Amino acid sequence: MNYHWDWGVLFRSPYFVWILSGFGLTCLISVLAWGIALVVGSVVGVCRTLENRAARAMGTMYVELFRNIPLLVQLFLWFYVVPEVLPIAWGRYLTRGLPYAPFWTTVVGLGLYTAARVAEQVRSGIGAIPRGQREAALAVGFSLPQVYRYVLLPVGYRTIIPSLTSDFLGVFKNSSLALTLGVLELTATTRQIEDYTFQAFEPFTAATVLYALVTFTAMGVMRVLEGRGRIAGTLAIGGR
Amino acid sequence: MFGNFDTQVLIKNHALLLNGMLISLELTAIAAVFGMVIGCVLAFMRLSRLLVVAWIATAYVNLLRSVPLILVIFWFYMLVPKVVGHPTGAFTSVMIAFVLFEAAYYCEIVRAGIAGIRRGQAQAGLALGFRPTQVMRYVILPQAIRTMVPVLLSQVIVMFQDTSLVYIVGVRDFLTAAEVVADTNNRPLELYTTVAVVFLAICLTASLLVARLRPRTAR
């Protein structure tokens, strides 16, 4: 294999800044999409644990719909199809008026896609709580929203911290799909540097290291959080 | 709006779309088979008592699982022709990328399946005079496989969806074929809706079938 290695390219004038801004954009997309995923996913997940049949059916439909269509196809639907289906004025706003349309499309698309996964975690977290806790809370006189707010959700969230972490890392990695819509996030910048310099492996290595760094950091933070939020009498990886 | 949904463009280009779907399925099948074989090898390496072997497998799995599939596809797209020494088609490099990427995920599923068997089972087997390989063959694996298979198959469904990512290096899979047709006919609505519906139908059916495989006691 003959390849002319030149690690200096990473630190040369525009390229270093490109990588940094790409990394920043990757982080920004991930955090915003994760916010949407947590909120929507929690609502959908709670819906699936309610007694109400319509609410449960809606929750199930949401999860199956968003989980069984590839993310890239979903992004294309949001980006190319939704503006056509909406009333003309709205569609025109999405394609012409909205600044950074590809960025926002990715954030919303990725957020709603991940929400389906979060919903499944929330549902299983709540489902794992013994029935007696809900009944006890109701017997004490809590209203249903209060049962969720004070009993089920605080316990449920803490048991699913590890799986939520892996979902967050999923968002972080999936944010790379933004490049298909032309957003210059981390993976896209490495491709761009390759186009300009014909050096492919140095920028790829830099991106790989950055992705791995965030992943390992997130895993470490997860261990600490899990240990702190441990429920007495249960096992957790980080617990002492 | 959906009122002027043009089915003609789908009918006219059905051969191209069908061919794309076949490529997606082919890629899924190859990556599933070879990925599982390598995944099993990696899982046993991780369980090995030789620390170096276990460490190499762990490092490989953790690295692959911490980077996006798109980046892995790019890596192999550039790397494979350099290693082989002559240009290979995009499909070959994508195939290798999928096999090696998925192997890391299958490894973790296999390992979790084996680790999920209670320690007493292995100890009982050893106490009865089984050799360690026999314990694995007759006690642990038969139980572990039952919990592993549904998870492995779910991962295959996820991977089938992920094959759409080969779009970025221009392999003519289902989505890429649809994109070409959408572009030349200026019909994104019809094409992308069709792609979504087809994926939904296939993946939903497959995941319902997999759900029936899950052991009843697990729920």
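Two residues are in contact when their C-beta atoms, placed from the backbone, lie within 7 Å. By that rule, among contacts in chain B between residues at least 6 apart in sequence, 72% join residues at least 24 apart. This is a predicted model, where local features need pLDDT of at least 70, side-chain atom pairs count only at pLDDT 80 or more, and totals for chains, interfaces and linings use all residues. Residues are numbered from 1 along each chain as its sequence is written, while chains are lettered from A and ligands numbered from 1 in the order in which they are written.

**Confidence**

- The predictor gives the complex an ipTM of 0.89 and a pTM of 0.89.
- In chain B the average pLDDT (the predictor's confidence in each residue, from 0 to 100) is 91, and 96% of the residues score at least 70.
- Chain A averages a pLDDT of 89, with 96% of the residues at 70 or above.
- A stretch to treat separately is residues 236-240 of chain A, where the pLDDT is below 50; beyond near neighbours in sequence, this stretch has 12 contacts in the model.

**Chain B as a whole**

- Chain B has nine helices and zero strands; here helices (H or I, at least four residues) and strands (E, at least two) are DSSP runs, numbered from the N terminus.
- The C-alpha trace of chain B spans about 70 × 50 × 25 Å along its principal axes.
- Of the 219 residues in chain B, 38% are buried. A residue is buried if 20 or more other C-beta atoms lie within 10 Å of its own, exposed if 12 or fewer, and partly exposed in between, with C-beta atoms placed from the backbone.

**Where the chains meet**

- The interface brings 32 residues of chain A into contact with 31 residues of chain B.
- On the chain A side, the elements giving two or more residues are α2 (53-67), α3 (71-85), α8 (161-174), α9 (186-197) and α10 (201-228) of chain A.
- That side of chain A has 21 nonpolar, seven polar and four charged residues. Ala, Val, Leu, Ile, Met, Phe, Trp, Tyr, Cys and Pro count as nonpolar, Asp, Glu, Lys and Arg as charged, and the others, Gly among them, as polar.

**A helix pair in chain B**

- Helix α3 (residues 51-66) of chain B packs against helix α5 (residues 90-115) of chain B at an angle of about 115°, with their axes 9 Å apart. Axes are lines fitted to C-alpha atoms, for helices over the stretch in contact, and angles run from 0 to 180 degrees between N-to-C directions.
- From α3(B), the residues B:Tyr60, B:Val61, B:Leu64 and B:Arg65 meet B:Phe101, B:Ala104, B:Tyr105, B:Cys107 and B:Glu108 in α5(B).
- Seven nonpolar, no polar and two charged residues make up this contact of α3(B) with α5(B).

- Leaving aside neighbours within four places in sequence, B:Ile73 is in contact with B:Val94, B:Ala97, B:Leu165, B:Val166, B:Ile168 and B:Val169.

**Two exposed residues in chain A**

- A:Tyr100 is found in the loop between α4 (88-97) and α5 (101-127) of chain A, and counts as exposed because 10 other C-beta atoms lie within 10 Å.
- A:Pro145 is found in helix α7 (residues 144-159) of chain A, and is exposed with 9 C-beta neighbours inside 10 Å.
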